[in-house]
Amino acid sequence: MSTIRTEGLTCTYGSGAAAVHALRGVDLQAAPGELLVVRGRSGSGKSTLLHALGGLVRPTSGTVHLDGTDLTALGEAELLRVRREQIAYVFQTFGLLPVLSAAENVEVPLRLLELDPAQREARVAAAIDAVGLTRHAAQRPDELSGGQQQRVAIARALATRPQVLLADEPTGQLDSQNALSVVGLLLELAHEHGVTTVVTTHDPAVADRADRVVELRSGVLAAAARA
Ligand SMILES: Nc1ncnc2c1ncn2[C@@H]1O[C@H](COP(=O)(O)OP(=O)(O)OP(=O)(O)O)[C@@H](O)[C@H]1O
C-alpha cells in the first residue's frame, strides 16, 4: 500500500527557444486503493506526468516520492529495481507480444522477479482470473477482442503485485462500452488490492468513473474537473 506524491514537478524538453515546458510545478498525490484520473487535452503533459511518476523520465526539477523514497534521487540500478518491483504500466496499445498466449504474456514480467516456476504459474492464473479471462488463457492476442487484449495487459501489470499502476490512455483504442468495462475493472482492482492507480484519459465518460479527477492544462495542474 503506497502513496505516490509529486512536489513542484517540472519537465522541460529541449532548451532555449526550442524548450517545451511539458510540466510546470505539478503537486499531486495519489493514495493507496485510489483510482485517480488525470484529464487533459492532447499535449497537455499527461504522458510526461505518468512517465515521471514511474521513473521513466527524470524531471528537470521537483520530486516524486513513492512513500519515503524520492525516485528522482535514486541511481539507475536502484530506480530500475523500484520500477520492476513496485510499479506497473498499462498502455493504450496494449503492448502484448503477438506470438505468446494470454497467459504467457502475463508471465513475461514475472521472469524478471525472483520467483520459482510454481509461484509464477499461480500468479499468472490468479491475475488472469482477476480480469475474467480464465477461459481465454491459451489464446493469442489476435484471437481476442480489443477489450480482452487490454484485460490481458491489466493482468500482466497486476501479476507483479505492484504498489502503483500507471495506465496511459488505457481505453484510447476501445469502443465506449469496452472503455467503461476496462475502467470499471481498474477501479475494482484498485479498491480490492489497494493498488494506487493513476489513469490518463481525455474521455469524460472514463473520468466519471474515477475516485478523483484532476486536469492538466499546458503542463499546469488545474482544479479538479469534478468533485
Ligand atoms: N521526448 C520529447 N521531446 C520533446 N518534446 C516532447 C517529448 N515528449 C513530449 N513532448 C512535448 O511535451 C508536451 C506534452 O506532451 P505529452 O505527451 O506529455 O502530452 P499528452 O497530454 O500525453 O498528449 P497526448 O494526449 O497527445 O498523448 C507536448 O508539447 C509534446 O509535444
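What follows is a conversation about a predicted model, moving from its ligand shell to its sheets and its core.

Visitor: Which residues surround the ligand?

Guide: In this predicted model, the ligand is surrounded by Y13, G14, V20, A22, G40, S42, G43, S44, G45, K46, S47 and T48. The elements that give two or more residues to that shell are β2 (20–30) and α1 (46–53), and α1 gives the most, with 3 residues.

Visitor: And how many of the shell are nonpolar, polar or charged?

Guide: Sorted by class, the shell around the ligand holds 3 nonpolar, 8 polar and 1 charged residues.

Visitor: Let's stay with α1: is it mostly covered or mostly open?

Guide: Helix α1 is mostly covered, with 7 of its 8 residues buried; these are K46, S47, T48, L49, L50, A52 and L53. K46, S47 and T48 also belong to the shell around the ligand. Just after the helix, G55 takes a positive phi of about 75°.

Visitor: How many bridges does β3 have to β9, and how many to β8?

Guide: Strand β3 (residues 35–40) pairs in the parallel sense with β9 (residues 212–217) over 5 bridges, and its pairing with β8 is parallel too, over 5 bridges. On the β9 side, G40 stands opposite L216, and G40 is also one of the residues around the ligand. On the β8 side, the bridge partner of L36 is V198.

Visitor: What about β7 and β8, parallel or antiparallel?

Guide: Strands β7 and β8 run parallel and are joined by 5 bridges, with D168 standing opposite T200 in β8.

Visitor: Why do you call β8 largely enclosed?

Guide: It is called that because 6 of the 6 residues of β8 are buried. T196, V198 and T200 point one way from the strand, whereas T197, V199 and T201 point the other way, and all are buried. As background, side chains in a regular strand alternate between the two faces of the sheet.

Visitor: Now the sheet with 4 strands, what's its order?

Guide: This open sheet has the order β2-β1-β4-β5, and its pairing is antiparallel. β2 and β5 (69–70) stand at the edges with a single partner strand each, so one side of each is left without a neighbour in the sheet.

Visitor: Which residue stands opposite Y13?

Guide: Y13 stands opposite V20 in β2, and both of these residues are listed around the ligand. Their strands, β1 (residues 4–13) and β2, pair in the antiparallel sense over 7 bridges. Helix α1 packs on this sheet as well, touching β1, β2 and β4 (61–66), and its direction makes about 55° with that of β2.

Visitor: How are β1 and β4 joined, and β4 and β5?

Guide: β1 and β4 run antiparallel and are joined by 5 bridges, where the partner of T10 in β4 is S61. β4 and β5 also run antiparallel, with 2 bridges between them, and L66 stands opposite T69 in β5. The hairpin of β4 and β5 has 2 residues between the strands, and in that hairpin D67 takes a positive phi near 50°.

Visitor: Where is L71, and is it buried or exposed?

Guide: L71 lies in the loop between β5 and α2 (76–86), and it counts as buried because it has 23 C-beta neighbours inside 10 Å, the cut-off for buried being 20 or more. Leaving aside neighbours within four places in sequence, L71 is in contact with G55, V64, L66, L79 and V82.

Visitor: Last topic: how many residues are in the largest nonpolar core?

Guide: The largest nonpolar core has 61 residues, and those with the most contacts inside it are V37, V106, I128, A155, L166 and L186. Helix α5 (residues 146–159) supplies the largest share of this core, 7 residues. In general, nonpolar side chains tend to be buried together in soluble globular proteins.

Visitor: What does L166 touch?

Guide: Not counting residues up to four places away in sequence, L166 touches L50, L53, G54, I87, Y89 and V198. Among these, L50 and L53 are buried residues of α1, and V198 is one of the buried residues of β8.

Note on methods: Residues numbered from 1 in each chain as written. Predicted model: local features only at pLDDT ≥ 70, side-chain atom pairs only at ≥ 80, totals over all residues. Core = buried A, V, L, I, M, F, W, Y, C linked by C-beta atoms within 7 Å. Buried ≥ 20, exposed ≤ 12 C-beta atoms within 10 Å, placed from the backbone. Contact = placed C-beta atoms within 7 Å. Near = placed C-beta within 6 Å. Nonpolar A, V, L, I, M, F, W, Y, C, P; charged D, E, K, R; others polar. Pairing = 2+ DSSP bridges. Axes fitted to C-alpha atoms, helices over the stretch in contact; angles between N-to-C directions.
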